[in-house]
Amino acid sequence: IERVFSGIQPTGNLHLGNYLGAIVNFVKMQDSHNCIYCVVDLHAITVPVAVWGGPDALRRNIREVTAAFIAAGIDPKKQIIFNQSQVAEHSELAWVLNCIARLGWLNRMTQFKEKAGKDRENVSVGLYDYPVLMASDILVYRATHVPVGEDQKQHVELTRDIAQKFNNDFAESIAAQGFGEAFFPLPEPVITGPATRVMSLRDGTKKMSKSDPSDYSRINLSDDADAIAQKIRKAKTDSEPLPSEEQGLEARPEADNLVGIFAALAGKPKPEVLREFGGSQFSEFKSNLVDLAVAKLSPITTEMKKLSADQAYIDAVLADGSERARAIAAETMTGVKDIVGLIRKR
Ligand code: TYM
């Protein structure tokens, strides 16, 4: 059976990139797969406390991401929605995988290099180890598919390398314990749709991100209709009309980005959007984009705000999801301990 796992950090400012690059695909995959969607709170605390905001902000943001999952259409009764820190097996497996992953592999991670910047001596050990915890998130469920945005591709590839090395290093023991040829499946990144890398509205060469100091660079899932309209109207463009074919978007990053956003929101491929708007001025295209974005996002925003205010409901969803997740994770850890030779209580 195919099992889907993915996670989102509760660091505030969920934005259109998270929605179109990840959450939309989470919703789609639930029809055909068993899905586990995780609020990765242990990943959120890898940056300085002042950045993630402290305990009150963390609690609020965990509940907000949970509410966003449900508001976007993920059914918490059919799928598993939970927060990472409630299932201790993530951290437990991370230690074993720390002993599998090589320093050289982590040194190649581009997201670490970006986030650490110049002051490497001063970042947390957790930030460096972040990709191994992410590998544990996926492998503790022996997930086969991982829907993510383009920026997480390298981390999923690292997860495959870690899984493969574990399978190789312990091949004999894996067979002896009755698990056959391999214990961990090699998970596939699922990076699909016209918006796998949503760019900043102010600069088409920069990724839309929650850490950009300009709020005009992104559409937050908490923005109201007026804010969405203003941000789209102010979005950077060039002065040419829209092209009618996709090649015409090359070397026009801002135009390409807005067309991709339109396509993803409309659920259409980009060429279809260009057939409709080729030759139009941006003013006209943007007013259509405003209407579409407001129509698609406002109901989610309203529902998300309503749900995240219902603390008891959200906490119950997380507790129930964690219990179901733990049942799967505990079984994996039992296998890992037996394979490695760590004696456990029987
Ligand atoms: P995070 O919280 O930064 O982002 C959550 C998801 O949103 C996607 N995303 C984007 N997609 C398109 N355009 C953008 N501008 C954009 N910005 C963000 C991300 O690719 C991601 O899919 N490391 C992960 C969280 C994580 C995880 C996991 C994911 C932890 N463990 C296990 C999958 C499986 C992260 O930082 O996502």
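Select strand 1, helix 1, helix 7 (110-116), helix 8 and strand 4 (145-147): each gives at least two residues to the lining of the largest pocket. Helices (H or I, at least four residues) and strands (E, at least two) are DSSP runs, numbered from the N terminus. A pocket is an open set of points on a 1 Å grid over the protein atoms alone, where a 1.4 Å probe fits, with protein on both sides within 12 Å along at least five of seven lines; lining residues have an atom within 4 Å of a point.

This is a predicted model: local features need pLDDT of at least 70, side-chain atom pairs pLDDT 80 or more, while totals for chains, interfaces and linings use all residues. Residues are numbered from 1 along each chain as its sequence is written, and side-chain values use heavy atoms, without hydrogens and water.

Colour helix 1 next. With 5 residues, helix 1 gives the most to this lining.

Now show the ligand. The space it takes is the largest pocket. Pick Tyr130: an N or O atom of its side chain is 2.6 Å from a ligand oxygen. Go to Asp137, where a side-chain N or O atom is 2.7 Å from a ligand nitrogen. Then Asp151: a polar side-chain atom lies 2.4 Å from a ligand oxygen.

Move to the second largest pocket. Select Leu20, Val24, Lys28, Ala264 and Gly267, the nearest to its centre among 18 lining residues. Helix 1, helix 12 (253-266) and helix 14 (282-309) each supply at least two residues here. Helix 1 again gives the most, with 6 residues.

Key:
A polar contact is a pair of N or O atoms within 3.5 Å; within protein, one must be able to donate a hydrogen and the other to accept it, and residues adjacent in sequence count only if both atoms are side-chain atoms. A molecule sits in a cavity or pocket if more than half of its atoms lie within 2 Å of its grid points.
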